[in-house]
Amino acid sequence: MKKMKMLTGILAGLMLCVAAAGCGGNSGSGSGSGSSQKTAEKKELVVGTNPSFAPFEFTDQKDGKIQGFDIDLINALAKKAGYTTVNIKSIAFDGLIPSLEAGNIDVSITGMSITDERKKKVNFTDPYYESGLMAVVKKDNTAINGLDDLKGKTIAVQLGTTGAKYAESIEGAKVKTFDSSDLACLELKNGGADAVISDLPVLQYFLKKGGSAYAKSVGTPKKGDFYGIATAKKNKELCDKLNKALAEMKKDGEYQKIYDKWFKAE
């Protein structure tokens, strides 16, 4: 009888040990689950831009840093949206949407017009700037007085832009594409093109910063072109977060301060 009691006691003790071990195992897995739940929210925003579109984004000749209206805007938006770091990457314009799709960048801000074709591939925030198309020619050119006079002419444009698409629709036009608006304007200066078509604020800035020495704008700009910040289709949450931050910036005046810094008449 005593042996039976002893055996019963030993079995009970073993069961307690197994139970304790089981509790310990559950505690360990629970800790792992907790650590995954505590994974910090992403605090770095990786931004793709094509820094050849002044005053929206361009490389400073003195320090080599990328600056411009878009750069100031995305830094302010990121801060308001809770990001602590903004990593700016220089990418060719026609490589920006593929970079978003591949997950190499979080957003693209680069004076990108919101079009139905692009909306099939990416999400766009609400418009943050209304632009339009403009043409510039040599100062001594009297034959071209507007966009309607460009039939059969040689037109320099930046690759992948709405300006390029518009130029391709002009009857008989020979379209030369370049990696930047600056290179397109250089082609005009060197006599390789009759005109340049690009975004209105870009060509206005070009003329203001020295281009007026050899070029002039012609005709009435084609308005109604809106810029948006692009995110990957699968990242609508980020797009919504940026929209919220943009609305707050427009309401509290921060957007206007950045706008005035780059576009207010001197």
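How are helix 2 and helix 9 oriented to each other? The views below, taken from a predicted model, start with this pair.

**View 1. Helix 2 and helix 9 pack in a roughly antiparallel arrangement.** Helix 2 spans residues 69-80 and helix 9 spans residues 254-263. Their axes come within 10 Å and cross at roughly 165°. Angles over 145 degrees count as roughly antiparallel, and helix 2 and helix 9 are therefore placed in that class. The crossing of the two helices is right-handed. Helix 2 contributes Phe69, Asp72, Leu73, Ala76 and Lys80 to the contact. Helix 9 contributes Glu254, Tyr255, Ile258, Tyr259, Lys261, Trp262 and Phe263. By class, this contact of helix 2 with helix 9 holds 8 nonpolar and 4 charged residues, with no polar ones.

**View 2. An open sheet of 5 strands runs in the order 10-9-11-8-12.** Its pairing is mixed. Strand 10 (174-178) and strand 12 (215-227) form the edges. Each has a single partner strand, so one side of each lacks a neighbour in the sheet. From one strand to the next, the twist averages 20°.

View 3. Ala156 stands opposite Val196 of strand 11.

**View 4. Another open sheet of 5 strands has the order 5-1-6-13-7.** Here too the pairing is mixed. The edge strands are strand 5 (85-90) and strand 7 (122-124), and each pairs on one side only. Strand 7 runs antiparallel to strand 13 (residues 230-232), and 3 bridges join them. Asn123 stands opposite Thr231 in strand 13.

**View 5. Over residues 1-40, pLDDT stays under 50.** For this stretch the model has 0 contacts beyond four places in sequence. For the chain, the mean pLDDT is 86. Of its residues, 84% reach 70 or more.

Note on methods: Residues numbered from 1 in each chain as written. Predicted model: local features only at pLDDT ≥ 70, side-chain atom pairs only at ≥ 80, totals over all residues. Heavy atoms only, no water. Axes fitted to C-alpha atoms, helices over the stretch in contact; angles between N-to-C directions. Helix = DSSP H or I, 4+ residues; strand = E, 2+ residues; numbered from the N terminus. Parallel < 35°, antiparallel > 145°, perpendicular 65-115°, else oblique. Left-handed = near helix turned anticlockwise from the far one by under 90°. Contact = heavy atoms within 4.5 Å. Nonpolar A, V, L, I, M, F, W, Y, C, P; charged D, E, K, R; others polar. pLDDT = per-residue confidence, 0-100. Pairing = 2+ DSSP bridges.
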